[in-house]
Amino acid sequence: MSLPRGDGFVHLADYRPPAWRIPSAELQFELDPEATEVLARLVLSPDPARPGEPLELDGEELELLAIALDGQPLPPERYDYDGQRLRVHGVAANCVLDTRVRIHPATNTRLEGLYCSGRLLLTQCEAQGFRRITFFADRPDVMPRWRIVLRADRAAYPVLLANGNPVGTRDLGEGRHEATWENPHPTPAYLFAIAAGAMERVTSSLETMEGRRVELNIWAEPGDVARCAYALGAVERSLRWDERRFGRCYDLDVFNVVAAQDFTMGAMENKGLNIFNARYILADEATATDADFLAIESVVAHEYLHNWSGNRVTLRDWFQLSLKEGLTVFRDTEFSSDLHSRALKRIEVVRLLRSRQFPEDAGALAHPVRPDRYREISNFYTMTIYEKGAEVIRVLHTLVGEAAFRAGMDRYFADNDGRAATLEDFLSAHAAASGRDLSQFARWYSQAGTPELRISEAFDETSGDYTLTVTQNTPPTPGQPEKQPLLIPLRFALYDEAGQAITTPPESDTTVRDGLAELTRETHVLRWRGLGARPLPAFNQGYAAPVKLHFEYTVPQRARLARLERDAFNRWDLLQQLATEALLGTPHAEAATAALGDALADLLSDASTDPAFVAECLALPDFDTLAEALPEVDVDALVARREDLLDRLAEELVEPLQARYEALAAVARGGLDGAAMSARALRNACLAWLTRLDPEARLSQAQFDAAGTMTERLAALRCLLHFQAPGAPAALQAFRDAHAQDPLVTDKWIALLATRPDPETLADVQALMATPWWKPANPNRVRALLGSFARSNPLGFHRRDGAGYRFVAGQVAALDAINPQVAARLLGGFESWRRWAAPRRELAREALASLQGKLASPDGRDLLQRLLD
């Protein structure tokens, strides 16, 4: 890869292949939490095209104990180590380098490299954690085959896992033992993994469609293993789905997954040994919600599917990060859509885009899906890389169609198997398979910002000509004041006066086929001739492209289209538009409110409609989604309008809400089948609305007391806490007592406490931090308390006195010394601060400025500078 320039940035344009290759690596670990010794033997080979390049290896916080070249110890003058890089002098030919280093897992609160999670020893190496384990060329395009030997005290670490296939074990005497693993596939260091400790497993085996017998294991600490069965089933479903949909088979004899209570990320796709945040593994109906089960299945699929889109074909450099993450999010989303409801999954994805990725694209932290420079790569594990990256893949899928897309994926995997690929490799494979020129499509990867489509209509009563003029524009973003037109697929439909779809294709200056227009220029025109009356248009069915679309519907048109539209996603979206119009105080807010109430009443009364879809329609746009639509955000006014609308609609709809809540009771008592989960989703949505009308929260209290699942109990507790019901303190205490030994369930009530919509919640958060419940070294606990407060409590975080801003900034400074990545994520709550109305804008700036000079990590300093620049 490349070194930072004088500006402090690593630049994509500076990429150079590695001067030294490492075709094979053998590591031996003498595992101990206080002091682990790592012996590394690297076979090194210089690039013939770059003779004379020095041998340099990455290494951070390593205590070098011994070093030898080709079996001969090196004298001090033959090497130097500055705490960042090891340089070996006078080496020009193939050689073998042996090093022995000491590292200290127990004090590694960064959770990068080798660290302790309770009694387990675990690793996390993406993006640049391997350099904290031993000396190596820590970059994705160096891909050795690995042999890993683990040695440890048998009583403390009876299970020893690593990448690849198990080769053998042996007793070492004196209570110690050894396990050897070999990974036959070329694999970069960021995918290296070991896990050691007292663990138990749930296991199964299956035969792939290529005839390989594979053992599947989910490992957890003994007290947790009973809650691993669902995750094991998700692994099996993921493996079979990838075989069917993409023709990809698993390629090792064993697939291991380990659940970790301390883990900075969600999960990690290490080759053959996935390590997961325990929240995405452990689940039963007494401790996990329906949303937890669906998230577990999705994340398990995501990490398994990386086996091909990320592992077998990996990345040339970190600028290509979305090539594995965006592509794999697309794949896991398709997995969930194929197994469950495609419409509901699409709604879930678009909610996340609008509430989190669109603000990122419009704020100080905006960056392209493939950035052209970075200061700290850990800060680019963003919504843009993952979620927008997946949407860009979906755009490609929409443009070329399923058959050509599958052919392109087959070619991409075949051409790049065992290689470190680039975006150009990916596009080249799809261009060859589809026969299309994808050069304009590639702009999706190089331009930041959310494209906007503005559509105007004209109808000639005399001729019956109907014209749609479509204009695209992408607003300026930091470092990119000018944008070029993108290749955008626009789905459309026209409905006549009778509500029937008009199937006549339009005349156009661009490619149009089957209700899809390919937008390539700033402006295009679609024209229909000889229509008997002005039609009603609908756009972007299924959300074919991640754009903001503007068309001047009247309120009656939106309401009518919500009934006519055949696309479930668009039906939901039209109701969201009515809600937005009502919430943003437009001139037609009253009419929009009435139309929304009528539409929701119809949905609640329609027993044939999927209850989970009705629940989604009852969930009005959240604060972040609404704020992103405003040039300046008055927090108090926006929250108040939203609460007022919800109160008013609840009063109008009380009878159908109550009726639907009661009618679904029996079905909701089912297990994890789709019907029961849908019923619980709508009952809980109804419960939240109904609790607004009852200061005593009697219905919520009754559901809390009688709940048979965590889904029902947690929803009732949320209502009791957030509406400050008389029974809230006792309910919270009962919940705490019942789950005091379960950190994942503890995180749930802490998140509820942190999101109680009240400025005084800040005092509750501060009080909790003075108790043993506060565990600043545990990322899940930090996210549950501080992340929830900063991201999901507008009234608490955005206090008018600025106390919320100062509090979060202070916690960023404190956490920066513990886990810089977790601390840096908290700064994301300030990404839109320049659009906050006075006095909050200045108070936020002051809070951010107070951090200058206080952050030691490059993660925090990078984000802070981007926010303030």
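I then noted Arg237, whose charged end sits over the ring of Tyr230, 5.3 Å from its centre.

This is a predicted model, in which local features need pLDDT of at least 70 and side-chain atom pairs count only at pLDDT 80 or more, while totals for chains, interfaces and linings use all residues. Residues are numbered from 1 along each chain as its sequence is written, and side-chain values use heavy atoms, with hydrogens and water left out.

**Aromatic pairs.** I searched the whole structure and found 37 aromatic pairs, taking rings of Phe, Tyr and Trp (its six-membered ring) as paired if their centres lie within 6.5 Å, and calling planes under 30 degrees apart stacked, over 60 edge-to-face and the rest tilted. Phe130 lies in the loop between strand S11 (120-124) and strand S12 (145-153), and Trp146 in strand S12, so the pair ties together parts 16 residues apart in sequence. Both Phe130 and Trp146 are buried, that is, under 20% relative accessible area, with exposed meaning over 50% and partly exposed in between (1.4 Å probe, protein chains only). Ring pairs link Phe130 and Trp146 with Phe29, Phe136 and Phe192 into a cluster.

**Sheet.** I traced an open sheet of five strands in the order S28-S31-S26-S25-S33, with mixed pairing; strands are DSSP runs of E of at least two residues, helices runs of H or I of at least four, numbered from the N terminus, and two strands pair if DSSP finds at least two bridges between them. Strand S28 (507-508) and strand S33 (548-551) stand at the edges with a single partner strand each, so one side of each is left without a neighbour in the sheet. Strands S26 (residues 466-473) and S31 (residues 523-528) pair in the antiparallel sense over six bridges, and in S31 the bridge partner of Val470 is His524.

**Helix H3.** I checked H3 (residues 321-339) and found that 17 of its 19 residues are buried.

**Contacts of Phe830.** Which residues does Phe830 contact, leaving aside its neighbours within four places in sequence? I listed Phe797, Tyr805, Val808, Trp836, Ala844, Ala847, Leu848 and Leu867, with contact meaning heavy atoms within 4.5 Å.

Note on methods: A charge sits over a ring if NZ of Lys or CZ of Arg is within 6 Å of the ring centre and within 35 degrees of the ring normal.
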